[in-house]
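Here is a short briefing for a reader who is new to this structure. Please look over the sequence and the 3D view before reading on.

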Amino acid sequence: MREQNKPTAKTAESDLKEKVVAINRVAKVVKGGRRFSFSAIVVVGDGAGTVGYGLGKANEVTDAIAKAIDDAKKNLVKVPLYKHTVPHVMEGKYSGGYVLVQPAAAGTGVIAGGAMRAVFESAGIKDVLAKSKGSSNPHNVVKATFDALNKMRDPMQIAQQRGISLAKVFNG
């Protein structure tokens, strides 16, 4: 993960909202029959640009979700936002999952499928166009979405580096 996308201020634990993306039942065949366990992938975010995901595995669903939430709180990243959308077009990739994330005009809403929608809503992105290509596995889609969001560059930093105004970054 890039240093610029790390959250600068520690986000309060109570501000984070959790969304369960997927729960999967896994069966292990043992001598006495099948032994079931559960894996859960959860996205947490404060709705203001800080978001994280986590994976938890346990013999009970509630324990798996609790572990996933703890893991997600350890992996928070700061996402650059510009007028409630992403600043520019970006592609993300993880394993077989590919995602395309585009900024959208105000009032468009979140146009994205299942796993990506949970990430955008938790991050506080209100207007975005996104397309999932390749794998539809929620694990790969969430990780590819985070890859795209981590590669995003903050428009304010770009304007400062180039020594121009914020309006010129988008119109120049």
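This is a predicted model: local features need pLDDT of at least 70, side-chain atom pairs count only at pLDDT 80 or more; totals for chains, interfaces and linings use all residues.

Residues are numbered from 1 along each chain as its sequence is written, and side-chain values use heavy atoms, leaving out hydrogens and water.

**The sheet around S8**

- S7 and S8 run parallel and are joined by 2 bridges.
- An open sheet holds 4 strands in the order S5-S6-S8-S7, with mixed pairing. Strands here are DSSP runs (E, at least two residues) and helices are runs of H or I with at least four residues, both numbered from the N terminus. Two strands pair if DSSP finds at least two bridges between them.
- Strand S5 (90-94) and strand S7 (110-111) are the edge strands, and each pairs on one side only.
- Strand S6 (residues 97-103) runs antiparallel to strand S8 (residues 128-134), and 7 bridges join them.
- Val101 has Ala130 in S8 as its bridge partner. Pro103 stands opposite Val128 in S8.
- In a regular strand the side chains alternate between the two faces of the sheet.

**Helix H2**

- Helix H2 covers residues 114-123. Of its 10 residues, 7 are buried, so the helix is largely enclosed by the rest of the structure.
- Buried means under 20% relative accessible area, exposed means over 50%, and partly exposed lies in between (1.4 Å probe, protein chains only).
- The buried residues of H2 are Ala115, Met116, Ala118, Val119, Phe120, Ser122 and Ala123.
- Gly124 follows H2. The phi of Gly124 is positive, near 90°.

**Loops with positive phi**

- His84 sits in the loop between strand S4 (76-78) and S5. Its phi is near 65°, a positive value in a residue other than glycine.
- His84 counts as partly exposed, because its relative accessibility is 45%.
- Ser95 lies in the loop between S5 and S6. The phi of Ser95 is near 50°, again positive in a residue other than glycine.

**The whole protein**

- The protein has 5 helices and 8 strands. Along the sequence they follow the pattern β-β-β-α-β-β-β-β-α-β-α-α-α.
- The C-alpha trace spans about 70 × 35 × 30 Å along its principal axes.
- Of the 172 residues, 38% count as buried.
- Contact means heavy atoms within 4.5 Å. Among contacts between residues at least 6 apart in sequence, 59% join residues at least 24 apart.

**Surface and charge**

- The protein exposes about 9600 Å², and carbon and sulfur atoms supply 50% of it. These areas come from the Shrake-Rupley method with a 1.4 Å probe.
- There are 26 positive and 14 negative side chains. Lys and Arg count as positive, Asp and Glu as negative, while His and the chain ends are not counted.
- The centres of the two charge sets lie 7 Å apart. Each charge is placed at NZ of Lys, CZ of Arg, CG of Asp or CD of Glu.

**From the record**

- UniProt, in an unreviewed entry, lists residues 16-79 as "domain: S5 DRBM". Such annotations may be inferred rather than shown by experiment.
- Over residues 16-79 the chain is 22% helix and 61% strand. The end C-alpha atoms of this stretch are 15 Å apart.
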